[in-house]
Amino acid sequence: MNRYTIARQPRLIAGEDSLEGLPDLLHSDGRRAPAVITGGRSIRGRDQWSRLVEALMDAGLEFLECTVRGEPSPESVDAIVADIRSDLPHCDAVVAIGGGSVIDTAKAVAAGVALPADEYGGGIVRFLEGVGDTVHPGSTLPLYAVPSTAGTGSEATKNAVLSRTGAAGFKKSLRHDNFIPHTAIIDPLLQVGCPPAVTQASGLDAITQLLEVFVSRAATPVTDALAREGLRRGGSALVALMSGEESVAHRGDMALAAYFSGVGLANAGLGLVHGYASPLGARHDVPHGVVCGVLVGPVTAAVVRALAAAGEEGREGLRRYAEAAEILGVAHAGDGPVAHLAAGEALAAWLAKRAEGLGRLADYGFTAAELPELAAASGMKNTPVALDEATRTAILQEVL
Ligand SMILES: [Fe+2]
């Protein structure tokens, strides 16, 4: 038996109307002054929001409402940290209700507020991997994460991804084992009615993550179990939701798939699609789910071909792609490398079809001239076979 470690996970509370229990939960956990971070309109227009605010007040909690817009940035984190320091100085918990951007912002805010003001001087950017000048000590406030979209699985992960776009842009993580949320609340009712474009992009992020976890060089029996179950639930739910079959059951399946993908990636890492996501997201303002959705088909096609060409060394990776195709109901895995390659290619075509309507890279400002540089900056992460720079550039050209 190989040796591996699975990181601590959040306390998970799942089910219809589970959000309603949040005020009592905060109270019984001894929290008295939470900052409540949301994405604004998407949640505040819902009945659940007015009921929650009322219940927070009834529970005698002093709380501060904060709003996030767009992809998480160091500036948006610093602004909320400053608001909390001035308006809720005894803040003892952070609640995030929203998509991956809201939860990532809140994760960084919790880590920022927990630092003494003098240590925080210079802002959260100082603690980001690759661009900061110091390491965060891991102190944080307890984070209660309530996803309103099914995508990044940030409610289960130890990192927050912050970005600044442009030629000198970056998309980097603030990371520490302690940043795994204290509690995740998965209430499918909060996700019912999520707009189709968001359901598609975030759903494809979750499917990409599950697939990359499943074929990862660092996969473990625990992450395999989560990836298989996540693909099974997420694949059929995403297809149903995209064909207009709205239901609480599908939203619940998609939400669990996203959660499993988060636990999976925190323990098995990711692959090339996410290797592209950092340089691409740093260059132009493109939603993370769109990058994943647009690239997962072509990347899967190139990787399964490279695995088939790698002979014996590629066998296990290829078999896993074929198994994923079977779990998703795309193809029978069959036996042996020829059948596995066929199943892997069918999977790639199926994934590309799911991305129809997301647009192309050029729609988000990318040009042919910058693709070689972006391909060079992309990393294979835990992809089971390496692709050279020319192939990585060709993949980007294919979706330009
Ligand atoms: Fe992702």
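This is a predicted model: local features need pLDDT of at least 70, side-chain atom pairs count only at pLDDT 80 or more; totals for chains, interfaces and linings use all residues.

Me: What makes the radius of gyration agree with a compact globule?
Reply: For 400 residues the rule gives a value near 21 Å, and the protein has 21 Å, so the two agree. Along its principal axes, the C-alpha trace spans about 65 × 45 × 45 Å.

Me: How do you know what share of the protein is buried?
Reply: A residue counts as buried when 20 or more other C-beta atoms lie within 10 Å of its own. Of the 400 residues, 54% count as buried.

Me: Why is α7 called largely enclosed?
Reply: By that same cut-off of 20 or more C-beta atoms, 17 of the 20 residues of α7 are buried, so the rest of the structure largely encloses this helix.

Me: And how do you know how the span of α7 compares with the expected one?
Reply: The helix covers residues 196-215 and reaches 28 Å from its first C-alpha to its last, close to the 28 Å expected at 1.5 Å a residue.

Me: What makes up the two sides of the contact between domain 1 and domain 2?
Reply: The domain assignment gives domain 1 (11-190) and domain 2 (196-398). Their contact takes 23 residues from domain 1 and 28 residues from domain 2. On the domain 1 side, β7 (170-175) and β8 (183-186) are the elements giving two or more residues. By class, that side has eight nonpolar, 11 polar and four charged residues.

Note on methods. Residues are numbered from 1 along each chain as its sequence is written. Helices (H or I, at least four residues) and strands (E, at least two) are DSSP runs, numbered from the N terminus. The expected span of a helix is 1.5 Å times one less than its number of residues. A residue is buried if 20 or more other C-beta atoms lie within 10 Å of its own, exposed if 12 or fewer, and partly exposed in between; C-beta atoms are placed from the backbone. The radius of gyration is taken over C-alpha atoms; the globule rule is 2.2 Å times the number of residues to the power 0.38. Domain bounds come from an automatic or database domain assignment. Two residues are in contact if their C-beta atoms, placed from the backbone, lie within 7 Å. Ala, Val, Leu, Ile, Met, Phe, Trp, Tyr, Cys and Pro count as nonpolar, Asp, Glu, Lys and Arg as charged, and the others, Gly among them, as polar.
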